[in-house]
Amino acid sequence: MTIAASIFNTLGGHAGLSALVGVRIYPDVAPIGVATPYVIWSEVGNAPMNNLSGGVPDVNNYRVQVVCLAATALQARNAADQVRAAMAAATEFKSQEVDYASADFEDGSKVYGVRADFSVWYKN
């Protein structure tokens, strides 16, 4: 399994998040015109662990950014709270939240967004 599949499984399989966004969980970009609320997640960095034996490392540390978008700030925050719970409960990787941004209004798309960044340790 890949880190992308593990992130998708973790977010999509969390009952609290699914209750709010259904299946509207997308990697990198959402389809045009998608209904709110929805979640977009991206791998924004990757630091493979070097080892002294010279072999290929079997553990990577990814930076994963998750953005929850909704019609209201409260909906966006509620979805972000569920993302945080899902990432904390993940069984396919270990994660630590490293940044959390409160609701911000995106004037162009007329939605509120809340972003959370995670350091994710994933065994290849």
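Biologist: Is Asp117 buried or exposed?

Modeller: In this predicted model, local features need pLDDT of at least 70 and side-chain atom pairs count only at pLDDT 80 or more, while totals for chains, interfaces and linings use all residues. Residues are numbered from 1 along each chain as its sequence is written, and side-chain values use heavy atoms, with hydrogens and water left out. Buried means under 20% relative accessible area, exposed over 50% and partly exposed in between, with a 1.4 Å probe and protein chains only. Because its relative accessibility is 4%, Asp117 counts as buried.

Biologist: Which residue meets Asp117 in a salt bridge, and at what N to O distance?

Modeller: A salt bridge is a side-chain nitrogen of Lys or Arg within 4 Å of a carboxyl oxygen of Asp or Glu. The side chain of Asp117 meets that of Arg115, with an N to O distance of 3.2 Å.

Biologist: Which residues are linked with Arg115 in a network of salt bridges?

Modeller: Arg115 also pairs with Asp99 through their side chains, at 2.9 Å from N to O. Asp99 counts as partly exposed because its relative accessibility is 30%. The network links Arg115 with Arg63, Asp99 and Asp117.
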